[in-house]
Amino acid sequence: MSAIIVVGAQWGDEGKGKVTDLIGQDVDYVVKFNGGNNAGHTVVVDGKKYALHLLPAGIINPKATPVIGNGVVIDLDVLFQEIDQMEAEGIDTSRLRISSNAHIIPSYNKIMDKLSERSLGDRLIGTTGRGIGPTYADKMNRIGIRIQDLFDESILRQKVKSALEQKNFTMEKEFGLEPVDVDQVADSLLQYADRVRPMVFDCSLEVNKALDAGKNVLFEAGQATMLDIDHGTYPFVTSSSPTAGGACTGSGVGPTRIDRVVGIAKAYVTRVGEGPFPTELLDQTGEDLRQAGGEFGVTTGRPRRCGWYDAVVARYAARVNGLTDIVLTKLDVLTGYKQIPVCVAYDVDGRRVDEMPADQTSFHHAKPIYEELPGWEEDITGCRRFEELPVNAQAYVRRLEELSACRISVVGVGAGREASIERTALL
């Protein structure tokens, strides 16, 4: 039996989908435990690309049971569009399981999300406008709608009415919009009740039973450490906990069941949306990284901000998550650079800071202190053993391992599942 958590160790888009799919070939359950369709995973298998948003990356593996845990918020329209697309491509989705406690994204929260962002003006967060934040807010305010509510029409209509009493007031009085009709929302949700019913289960019970039976379970995060609602660059964060602790609360599995925590980090860093980013490159080098790495959002298509590897962030992610391993992705994108800077510390108003600043203002003012490492010219996409990498590429990986305070167990050298170098087995 093995329980493995896979989390992003930067600001997201590190390649969690590929890694989850890679490890997922040998697991029995893949559990998505946070987020919604505000972030996507790209999985490439035998040259074919699959863009996943709500479905766990394990859906590609016919041997694994994919699970959407209670910590996820679900847009039912998007879920079934994605299921239909997967089925059309020959992927069997009948194994999908959904926690009865997972919350639903109702249509009015998409409206509220966009209105909230608009009202912030130049202080905007950079959300995707898909209703994620307002749905998590409803969850905390105890006016949310859960998957299980689809099976009790009376309760569903009561909950929608209660939520809209507040939201319609805001839409009408503050923005001059027409009120949202209670029955229209309820009816649109109820149309999915029969289709979703066979997928619904007690996530905590089944996953714990699987572990008791000696099964391998992989817990898959959306977003990443630096976007965590508690531990990220607040307020420029997501609305859930994509850190290792979130895997436990988002699935109903206790922390004593976890064996390994794997952090995914690019060989450089990217970020989508607003917020501080110390190593960001606003020059042609940043654009070159963006183009070479295909750095455009899977879900939104937005160009990602690009910068050099930040070891301060990596050490922070290792500490917050209790990382046992790092998977370093996209090393091949750095081929061709004569020198590769790595951020080893920050300069904050003239002071050297070696660890993540404890306050927002200091991090906003942080300037990277770089160590330059020699690059390489050779094509590394065909390498499958660490020793096959150019000497400078090997040295780069070893130095990042040292600076990040965590072993680098796998190195990605291309987009496909097979384009990976395993230094230490993850399962």
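1. Cys343 first. Its sulfur lies 16 Å from the closest cysteine sulfur, which belongs to Cys306, and that is too far for a bond. The model is a predicted one. Cys343 is also buried, at 0% relative accessibility.

2. How many disulfides does a search of the whole structure find? The search returns 0. A disulfide is a covalent bond between the sulfur atoms of two cysteines.

3. Next, backbone geometry. Most residues other than glycine have a negative phi, and most peptide bonds are trans. The peptide bond from Tyr234 to Pro235 is cis, with omega near 5°. Pro235 sits in the loop that runs between β10 (216–220) and α9 (244–249).

4. The loop between β10 and α9 also holds Gln223. Gln223 is not a glycine, yet its phi is positive, about 55°. Is Gln223 buried or exposed? Gln223 counts as buried, because its relative accessibility is 7% and the limit for buried is under 20%.

5. Lys330 has a positive phi as well, about 60°, and is not a glycine either. Its place is the loop between β14 (325–329) and β15 (339–348). Lys330 counts as partly exposed, at 24% relative accessibility.

6. Arg146 is worth a look for its contacts. Arg146 is in the loop between α4 (132–140) and α5 (153–175). At 27% relative accessibility, Arg146 is partly exposed. Which residues does Arg146 touch, leaving aside those up to four places away in sequence? They are Ser100, Asn101, Ala102, His103 and Ile104. Arg146 and Asn101 are 45 residues apart along the chain, but their C-alpha atoms are separated by 5.7 Å.

7. Last, the domain layout. The assignment for the protein chain gives domain 1 as 1–99 + 198–260, domain 2 as 101–194 and domain 3 as 264–420. Domain 1 is therefore written as two segments, with the range of domain 2 falling between them in numbering. The C-alpha centres of domain 2 and domain 3 are 37 Å apart.

Technical notes: Residues are numbered from 1 along each chain as its sequence is written. This is a predicted model: local features need pLDDT of at least 70, side-chain atom pairs count only at pLDDT 80 or more; totals for chains, interfaces and linings use all residues. Side-chain values use heavy atoms; hydrogens and water are left out. A disulfide is a pair of cysteine sulfur atoms within 2.5 Å. Buried means under 20% relative accessible area, exposed over 50%, partly exposed in between (1.4 Å probe, protein chains only). Helices (H or I, at least four residues) and strands (E, at least two) are DSSP runs, numbered from the N terminus. Contact means heavy atoms within 4.5 Å.
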